[in-house]
Amino acid sequence: MSTPFIEVNHLNLNINGHQLLQDISLVSDTPGVTMVMGPNGAGKSLFLRCLHGLLAPTSGSIRLLNQELEATRSSQSMVFQKPVLLRRNVIKNLEFAAPTGISNSFIQQLLEKVHLSGKELQPARLLSGGEQQRLALARSLLTRPRLLLLDEPTASLDPASVLIIERLISQATADGVKCIFISHDLGQARRLGADVIFLHQGRLTEHTDADTFFTAPQSREAKAYLNGELVL
(Lines give C-alpha, C1' and ligand atoms only; values in the text may rest on other atoms or scores of the structure.)
Protein backbone atom coordinates (compact mmCIF):
# COMPACT_ATOMS: atom_id res chain seq x y z
CA MET A 1 0.00 0.00 0.00
CA SER A 2 1.28 3.51 -0.86
CA THR A 3 2.31 5.87 1.93
CA PRO A 4 -0.36 8.56 2.41
CA PHE A 5 0.55 12.14 1.55
CA ILE A 6 -2.46 13.54 3.41
CA GLU A 7 -4.23 12.04 6.42
CA VAL A 8 -6.99 14.03 8.09
CA ASN A 9 -9.06 12.56 10.90
CA HIS A 10 -12.24 14.16 12.27
CA LEU A 11 -10.99 17.69 11.63
CA ASN A 12 -13.15 20.42 13.18
CA LEU A 13 -12.61 24.18 13.20
CA ASN A 14 -14.71 26.45 15.39
CA ILE A 15 -14.04 30.19 15.47
CA ASN A 16 -16.03 32.52 17.72
CA GLY A 17 -18.75 29.95 18.11
CA HIS A 18 -19.08 29.28 14.38
CA GLN A 19 -18.44 25.75 13.12
CA LEU A 20 -16.46 26.36 9.93
CA LEU A 21 -15.05 22.89 9.24
CA GLN A 22 -17.03 19.86 10.32
CA ASP A 23 -15.68 16.39 10.94
CA ILE A 24 -13.48 16.14 7.84
CA SER A 25 -11.71 12.80 7.43
CA LEU A 26 -9.78 11.71 4.33
CA VAL A 27 -6.65 9.92 3.17
CA SER A 28 -4.81 10.66 -0.08
CA ASP A 29 -1.91 8.55 -1.27
CA THR A 30 -2.12 9.97 -4.80
CA PRO A 31 1.03 11.75 -6.04
CA GLY A 32 0.78 14.87 -8.15
CA VAL A 33 -1.88 17.54 -7.60
CA THR A 34 -4.79 17.19 -5.20
CA MET A 35 -7.43 19.74 -6.20
CA VAL A 36 -9.59 21.27 -3.46
CA MET A 37 -12.87 22.47 -4.93
CA GLY A 38 -16.27 23.70 -3.87
CA PRO A 39 -18.45 26.84 -3.95
CA ASN A 40 -17.51 30.09 -2.23
CA GLY A 41 -17.70 29.75 1.54
CA ALA A 42 -17.17 25.99 1.47
CA GLY A 43 -14.13 26.22 3.77
CA LYS A 44 -11.41 25.52 1.20
CA SER A 45 -8.98 28.23 2.31
CA LEU A 46 -9.59 27.43 5.98
CA PHE A 47 -8.85 23.78 5.26
CA LEU A 48 -5.60 24.68 3.49
CA ARG A 49 -4.55 26.96 6.33
CA CYS A 50 -5.09 24.12 8.78
CA LEU A 51 -2.87 21.87 6.65
CA HIS A 52 -0.19 24.56 6.59
CA GLY A 53 -0.37 25.12 10.33
CA LEU A 54 -1.65 28.71 10.10
CA LEU A 55 -4.86 27.74 11.90
CA ALA A 56 -5.10 25.30 14.78
CA PRO A 57 -8.07 22.93 14.44
CA THR A 58 -10.51 22.83 17.36
CA SER A 59 -10.23 19.04 17.27
CA GLY A 60 -8.99 16.25 15.05
CA SER A 61 -5.59 15.40 13.64
CA ILE A 62 -3.52 16.05 10.51
CA ARG A 63 -0.60 14.05 9.15
CA LEU A 64 1.26 15.08 6.01
CA LEU A 65 4.00 13.18 4.19
CA ASN A 66 3.48 10.37 6.71
CA GLN A 67 4.55 12.68 9.57
CA GLU A 68 2.88 14.73 12.26
CA LEU A 69 1.98 18.19 10.99
CA GLU A 70 4.57 19.99 13.14
CA ALA A 71 7.37 17.90 11.66
CA THR A 72 6.49 18.99 8.10
CA ARG A 73 6.77 22.76 8.61
CA SER A 74 10.20 23.01 7.02
CA SER A 75 9.10 20.78 4.13
CA GLN A 76 6.11 22.94 3.23
CA SER A 77 5.62 26.10 1.20
CA MET A 78 2.43 28.01 0.44
CA VAL A 79 1.36 30.43 -2.29
CA PHE A 80 -1.63 32.65 -1.51
CA GLN A 81 -4.21 34.09 -3.89
CA LYS A 82 -2.79 37.57 -3.31
CA PRO A 83 1.01 37.49 -3.53
CA VAL A 84 2.84 38.33 -0.30
CA LEU A 85 6.07 40.04 -1.34
CA LEU A 86 8.78 41.91 0.53
CA ARG A 87 9.37 45.62 -0.09
CA ARG A 88 12.51 44.74 -1.99
CA ASN A 89 13.46 44.10 -5.58
CA VAL A 90 12.89 40.81 -7.35
CA ILE A 91 16.28 39.27 -6.68
CA LYS A 92 16.26 40.29 -3.00
CA ASN A 93 12.89 38.57 -2.56
CA LEU A 94 14.43 35.37 -3.84
CA GLU A 95 17.70 35.71 -1.94
CA PHE A 96 15.79 36.28 1.32
CA ALA A 97 13.92 32.98 0.89
CA ALA A 98 16.87 30.97 -0.43
CA PRO A 99 18.06 28.27 1.99
CA THR A 100 21.75 27.77 2.64
CA GLY A 101 23.54 26.19 -0.27
CA ILE A 102 21.27 27.46 -3.07
CA SER A 103 23.45 28.69 -5.92
CA ASN A 104 22.99 31.90 -7.89
CA SER A 105 22.67 29.80 -11.03
CA PHE A 106 19.67 27.96 -9.56
CA ILE A 107 18.04 31.31 -8.74
CA GLN A 108 18.67 32.50 -12.29
CA GLN A 109 17.15 29.29 -13.68
CA LEU A 110 13.99 29.93 -11.66
CA LEU A 111 13.82 33.51 -12.90
CA GLU A 112 13.98 32.22 -16.46
CA LYS A 113 11.27 29.65 -15.79
CA VAL A 114 8.89 32.34 -14.47
CA HIS A 115 9.85 34.69 -17.32
CA LEU A 116 11.30 37.36 -15.03
CA SER A 117 14.86 37.41 -16.36
CA GLY A 118 16.01 41.00 -16.76
CA LYS A 119 13.73 42.25 -13.97
CA GLU A 120 16.00 41.30 -11.07
CA LEU A 121 16.39 44.89 -9.86
CA GLN A 122 12.77 45.94 -10.32
CA PRO A 123 10.78 46.53 -7.10
CA ALA A 124 8.69 43.39 -6.60
CA ARG A 125 5.55 45.33 -5.73
CA LEU A 126 5.70 47.26 -9.01
CA LEU A 127 5.41 44.09 -11.09
CA SER A 128 2.12 43.24 -12.75
CA GLY A 129 -0.27 40.95 -10.89
CA GLY A 130 0.75 37.95 -12.96
CA GLU A 131 4.45 38.71 -12.54
CA GLN A 132 4.05 39.08 -8.78
CA GLN A 133 2.36 35.70 -8.52
CA ARG A 134 5.02 34.07 -10.66
CA LEU A 135 7.67 35.56 -8.36
CA ALA A 136 5.78 34.26 -5.31
CA LEU A 137 5.71 30.77 -6.81
CA ALA A 138 9.40 30.93 -7.73
CA ARG A 139 10.21 31.97 -4.16
CA SER A 140 8.22 29.01 -2.81
CA LEU A 141 9.93 26.55 -5.15
CA LEU A 142 13.30 28.00 -4.19
CA THR A 143 12.97 26.34 -0.77
CA ARG A 144 12.67 22.96 -2.52
CA PRO A 145 9.51 21.95 -0.64
CA ARG A 146 8.18 18.41 -0.53
CA LEU A 147 4.66 19.81 -0.13
CA LEU A 148 3.37 22.87 -2.00
CA LEU A 149 0.03 24.41 -1.01
CA LEU A 150 -1.64 26.77 -3.48
CA ASP A 151 -4.69 28.91 -2.65
CA GLU A 152 -6.16 29.95 -6.02
CA PRO A 153 -2.75 31.14 -7.29
CA THR A 154 -4.02 31.86 -10.81
CA ALA A 155 -7.31 33.60 -10.00
CA SER A 156 -7.79 36.68 -12.23
CA LEU A 157 -4.37 36.32 -13.86
CA ASP A 158 -3.61 36.78 -17.54
CA PRO A 159 -3.57 33.58 -19.65
CA ALA A 160 0.21 33.74 -20.16
CA SER A 161 0.84 33.79 -16.41
CA VAL A 162 -1.65 30.96 -15.87
CA LEU A 163 0.18 28.83 -18.44
CA ILE A 164 3.60 29.56 -16.91
CA ILE A 165 2.35 28.71 -13.41
CA GLU A 166 0.64 25.50 -14.52
CA ARG A 167 3.81 24.37 -16.30
CA LEU A 168 5.88 25.07 -13.18
CA ILE A 169 3.47 23.07 -11.03
CA SER A 170 3.50 20.18 -13.49
CA GLN A 171 7.30 20.21 -13.47
CA ALA A 172 7.37 20.34 -9.67
CA THR A 173 5.09 17.32 -9.36
CA ALA A 174 7.18 15.44 -11.93
CA ASP A 175 10.14 16.12 -9.63
CA GLY A 176 8.26 14.56 -6.71
CA VAL A 177 6.62 17.56 -5.05
CA LYS A 178 3.10 16.94 -3.69
CA CYS A 179 0.73 19.84 -4.45
CA ILE A 180 -2.58 20.73 -2.83
CA PHE A 181 -4.31 23.28 -5.05
CA ILE A 182 -7.52 25.28 -4.53
CA SER A 183 -9.20 26.28 -7.79
CA HIS A 184 -12.61 27.24 -9.13
CA ASP A 185 -11.43 26.67 -12.71
CA LEU A 186 -12.82 23.36 -13.91
CA GLY A 187 -10.56 23.31 -16.96
CA GLN A 188 -7.52 23.84 -14.78
CA ALA A 189 -8.64 21.12 -12.37
CA ARG A 190 -9.04 18.70 -15.28
CA ARG A 191 -5.59 19.58 -16.63
CA LEU A 192 -3.72 19.30 -13.34
CA GLY A 193 -5.73 17.23 -10.88
CA ALA A 194 -4.89 13.68 -9.87
CA ASP A 195 -7.59 13.55 -7.20
CA VAL A 196 -10.27 15.97 -5.99
CA ILE A 197 -11.42 16.98 -2.53
CA PHE A 198 -14.85 18.61 -2.72
CA LEU A 199 -16.07 20.68 0.22
CA HIS A 200 -19.51 22.17 0.86
CA GLN A 201 -20.51 24.21 3.90
CA GLY A 202 -17.42 23.10 5.76
CA ARG A 203 -18.01 19.41 5.15
CA LEU A 204 -16.29 16.89 2.90
CA THR A 205 -18.91 15.71 0.43
CA GLU A 206 -16.62 13.86 -1.96
CA HIS A 207 -13.02 12.73 -2.38
CA THR A 208 -12.08 10.62 -5.37
CA ASP A 209 -9.69 10.43 -8.30
CA ALA A 210 -10.09 13.24 -10.82
CA ASP A 211 -11.38 11.07 -13.66
CA THR A 212 -14.19 9.72 -11.50
CA PHE A 213 -15.02 13.14 -10.08
CA PHE A 214 -15.44 14.76 -13.49
CA THR A 215 -17.24 11.86 -15.19
CA ALA A 216 -19.31 10.31 -12.40
CA PRO A 217 -19.52 12.48 -9.27
CA GLN A 218 -21.40 10.78 -6.46
CA SER A 219 -22.63 13.66 -4.30
CA ARG A 220 -25.57 15.88 -5.18
CA GLU A 221 -23.49 18.98 -4.42
CA ALA A 222 -20.62 17.98 -6.72
CA LYS A 223 -23.01 17.14 -9.55
CA ALA A 224 -24.67 20.54 -9.24
CA TYR A 225 -21.33 22.33 -9.10
CA LEU A 226 -20.06 20.61 -12.24
CA ASN A 227 -23.32 21.45 -14.02
CA GLY A 228 -22.80 25.13 -13.30
CA GLU A 229 -25.69 25.34 -10.86
CA LEU A 230 -25.69 27.51 -7.76
CA VAL A 231 -24.79 25.35 -4.77
CA LEU A 232 -26.25 26.65 -1.52
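**Entry 1: salt bridges**

I began with Glu68 and Arg63, whose side chains meet in a salt bridge with N and O 2.8 Å apart. I note that the model is a predicted one. I then looked up the accessibility of both partners. Glu68 has a relative accessible area of 48% and is therefore partly exposed; Arg63, with 24%, is partly exposed as well.

I turned next to Arg73, which forms a salt bridge with Glu70, the closest N and O atoms lying 3.2 Å apart. Arg73 is partly exposed at 37% relative accessibility, whereas Glu70 counts as exposed at 55%. I also recorded that salt bridges with shared partners join Glu7, Arg63 and Glu68 into one network.

I looked up a further pair, Asp151 and Arg49, and found a salt bridge whose closest N and O atoms are 2.9 Å apart. This pair links distant parts of the chain, for Asp151 belongs to strand β7 (residues 147–151) and Arg49 to helix α1, 102 residues apart. Arg49 is partly exposed at 23%. The count of salt bridges comes to eight.

**Entry 2: His52**

I stayed with helix α1, which spans residues 44–52 and includes His52. Is His52 buried or exposed? I found a relative accessibility of 17%, so His52 counts as buried. Leaving aside residues up to four places away in sequence, I listed its contacts as Arg73, Gln76, Ser77, Met78 and Leu149.

I followed strand β1 (residues 6–15) to strand β2 (residues 18–28); the two run antiparallel and are joined by seven bridges. Ile6 stands opposite Ser28 in β2. The two strands form a hairpin with two residues between them, and Asn16 in the turn has a positive phi of about 50 degrees.

I then asked which strand β1 meets through five bridges. The partner is β4 (residues 59–64), again antiparallel to β1. Here I noted Asn9 opposite Ser61 in β4.

**Entry 3: helices α3 and α4**

The crossing of α3 past α4 is right-handed. Which residues meet there? I found Phe106, Ile107 and Leu110 of α3 against Ala138, Leu141 and Leu142 of α4. By class, I recorded six nonpolar residues in this contact, with no polar and no charged ones.

Terms used. Residues are numbered from 1 along each chain as its sequence is written. This is a predicted model: local features need pLDDT of at least 70, side-chain atom pairs count only at pLDDT 80 or more; totals for chains, interfaces and linings use all residues. Side-chain values use heavy atoms; hydrogens and water are left out. Helices (H or I, at least four residues) and strands (E, at least two) are DSSP runs, numbered from the N terminus. Buried means under 20% relative accessible area, exposed over 50%, partly exposed in between (1.4 Å probe, protein chains only). Contact means heavy atoms within 4.5 Å. Two strands pair if DSSP finds at least two bridges between them. A crossing is left-handed if the near helix is turned anticlockwise from the far one by less than a right angle, and right-handed if clockwise. Ala, Val, Leu, Ile, Met, Phe, Trp, Tyr, Cys and Pro count as nonpolar, Asp, Glu, Lys and Arg as charged, and the others, Gly among them, as polar. A salt bridge is a side-chain nitrogen of Lys or Arg within 4 Å of a carboxyl oxygen of Asp or Glu.
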